[in-house]
Amino acid sequence: MFFGKLTKQVKGVVKKRGGMSALKDDAMELKDVATSKESWTEKAQDAVEAVEDPGKPGEEPKKPAP
């Protein structure tokens, strides 16, 4: 495998989504969705919304660092 190429792609995706802090916010948001008492359909819809919008819910999307 080409770990160097894979690492470069992962770093690009993280940077595109707003950095490590936005990634951590996304992970926490998905954890909250997964542990909620909603139906599976509602959880899936909430997860899609969380992934489409990087960062905390209601927060303005962060621009990637140059």
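Arginine 17 and aspartate 26 are joined by a salt bridge, their closest N and O atoms lying 2.9 Å apart; the term denotes a side-chain nitrogen of Lys or Arg within 4 Å of a carboxyl oxygen of Asp or Glu. A search of the whole structure finds one such bridge. The structure is a predicted model, in which local features need pLDDT of at least 70 and side-chain atom pairs count only at pLDDT 80 or more, while totals for chains, interfaces and linings use all residues. Residues are numbered from 1 along each chain as its sequence is written, and side-chain values use heavy atoms, with hydrogens and water left out.

Arginine 17 counts as partly exposed because its relative accessibility is 23%, whereas aspartate 26 counts as buried because its value is 6%.

Arginine 17 belongs to helix α1, residues 3-17; helices (H or I, at least four residues) are DSSP runs, numbered from the N terminus. Beyond its neighbours within four places in sequence, arginine 17 contacts Ala22, Asp26, Ala50, Val51, Asp53 and Pro54, where contact means heavy atoms within 4.5 Å. A polar atom of the arginine 17 side chain also lies 2.9 Å from the backbone oxygen of valine 51.

Elsewhere, the charged end of lysine 43 sits over the ring of tryptophan 40, 5.0 Å from its centre. This description requires NZ of Lys or CZ of Arg within 6 Å of the ring centre and within 35 degrees of the ring normal.

Conventions
Buried means under 20% relative accessible area, exposed over 50%, partly exposed in between (1.4 Å probe, protein chains only). Helices (H or I, at least four residues) and strands (E, at least two) are DSSP runs, numbered from the N terminus. A polar contact is a pair of N or O atoms within 3.5 Å; within protein, one must be able to donate a hydrogen and the other to accept it, and residues adjacent in sequence count only if both atoms are side-chain atoms.
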